[in-house]
Amino acid sequence: MSLIFEVDEGIATVTINRPERLNAMGGPTYQALSEAWVRIRDDVDIRAAVITGAGERSFTAGADLKSFVGSPGDLSEFWMTQKDQLLNKGLEVHKPVVAAVNGYCMGGGVTLLLATDLRVAASHATFALSEVKRGLLPANGGTQRVLEQLPHPIAMEMLLLGEPINAETALRWGLINKVVPISDLLPTATDYARRLAALPPLAVQACKELAIRARDMDRPSGLRLEETMLRMLKFTDDAAEGIAAFTERRDPVWRGR
């Protein structure tokens, strides 16, 4: 299988499983990823997700270029904008996603990374938007999100030069949250996911959606949407439970209702 999907205690772990190809993603892998993100989005029992790569050498080296370059396919597919949607291609997944970067994170790997929420990297991880060196560009949001998430000159350096950076540089630039030894990588990412899954899911998803939509909204519209969601949350069972648990000095039990 090119992708392994596991669920445990409300946490989905998605593992790109092509270590012999540095977890490069071909057509079948992208399709399996699309199906995984849809399940994470739609399964109410899943409250957080972790995405990683098999082995210790690579998160993902990005698209398997041999499968794509020189094979234009049917032009009609260009207008099938909702087909096989991905986390970084426009599929709206408001549950939090944690990336565990275990080595090479190149091209489409960085594009995928930019669509996650929290990011942990092994100390030997390497990052690059290297498509420009192949006569291509980082699609699936790569040219868009990098400028949202990094300072302009840093983003342009990654985008236009395509040269790799190490984990410490990625941490200094704010591309990732933590750098840890490889032995601590998945436990650290899973700990993030457990902490996220232990929070009231409706509030977590509302916060994530508002933060993402704020990038494309003017401030008055963003504030109005924020107020609307807050009003909805005030009348949920989880909000009542949060107040009751605080008053009674006990741990809350979230229902997602």
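This is a predicted model: local features need pLDDT of at least 70, side-chain atom pairs count only at pLDDT 80 or more; totals for chains, interfaces and linings use all residues.
Residues are numbered from 1 along each chain as its sequence is written, and side-chain values use heavy atoms, with hydrogens and water left out.

Q: How many disulfides does the structure hold?
A: A disulfide is a covalent bond between the sulfur atoms of two cysteines. Here a disulfide is taken as a pair of cysteine sulfur atoms within 2.5 Å. By that definition, the number of disulfides in the structure is zero.

Q: Is Cys-105 buried or exposed?
A: A residue is called buried under 20% relative accessible area, exposed over 50% and partly exposed in between, using a 1.4 Å probe and protein chains only. Cys-105 has a relative accessibility of 0%, so Cys-105 counts as buried.
By the relative accessible area of 54% at Cys-207, that residue is instead exposed. The word asked for, for Cys-105, is buried.

Q: How are helix 4 and helix 5 oriented to each other, roughly parallel or roughly antiparallel?
A: Helices (H or I, at least four residues) and strands (E, at least two) are DSSP runs, numbered from the N terminus. Helix 4, residues 142-149, and helix 5, residues 152-161, pack at an angle of about 150 degrees with their axes 8 Å apart, where axes are lines fitted to C-alpha atoms, for helices over the stretch in contact, and angles run from 0 to 180 degrees between N-to-C directions. Angles under 35 degrees count as roughly parallel, over 145 as roughly antiparallel, 65 to 115 as roughly perpendicular and the rest as oblique. Helix 4 and helix 5 are therefore roughly antiparallel.

Q: Which residues of helix 5 make the contact with helix 4?
A: Contact means heavy atoms within 4.5 Å. On the side of helix 4, the contact is made by Thr-143, Val-146 and Leu-147. The residues of this contact divide into five nonpolar, two polar and no charged, where Ala, Val, Leu, Ile, Met, Phe, Trp, Tyr, Cys and Pro count as nonpolar, Asp, Glu, Lys and Arg as charged, and the others, Gly among them, as polar. On the side of helix 5, the residues are His-152, Ala-155, Met-156 and Leu-159.

Q: How many charged residues are in the contact of helix 8 with helix 9?
A: The axes of helix 8 (residues 201-213) and helix 9 (residues 219-234) come within 11 Å and cross at roughly 175 degrees, and the two helices are therefore roughly antiparallel. Leu-202, Ala-203, Ala-206, Glu-209, Leu-210 and Arg-213 of helix 8 meet Leu-225, Glu-226, Met-229 and Leu-233 of helix 9. Seven residues of this contact are nonpolar and no residues are polar, while the number of charged residues is three.

Q: What is the phi of Asn-23?
A: Most residues other than glycine have a negative phi. Asn-23 sits in the loop between strand 2 and helix 1 (27-42) and, at 0% relative accessibility, counts as buried. Although Asn-23 is not a glycine, its phi is positive, at about 60 degrees.

Q: Where is Asn-140 found?
A: Asn-140 is a residue other than glycine with a positive phi, near 55 degrees. At 24% relative accessibility, Asn-140 counts as partly exposed. Its place is the loop between strand 8 (126-128) and helix 4.

Q: How many Å apart in space are Val-98 and Ala-189, C-alpha to C-alpha?
A: Val-98 is found in strand 5 (residues 97-101) and is buried, with a relative accessible area of 0%. Leaving aside neighbours within four places in sequence, Val-98 is in contact with residues including Ala-49, Val-50, Leu-118 and Ala-189. Val-98 and Ala-189 are 91 residues apart in sequence, and their distance in space, C-alpha to C-alpha, is 6.3 Å.

Q: What is the distance in space between Arg-145 and Asn-88, C-alpha to C-alpha?
A: Arg-145 is found in helix 4 and, at 16% relative accessibility, counts as buried. Leaving aside neighbours within four places in sequence, Arg-145 is in contact with Leu-87, Asn-88, Leu-114, Ala-115 and Asn-140. Arg-145 and Asn-88 are 57 residues apart in sequence, and their C-alpha to C-alpha distance is 9.2 Å.
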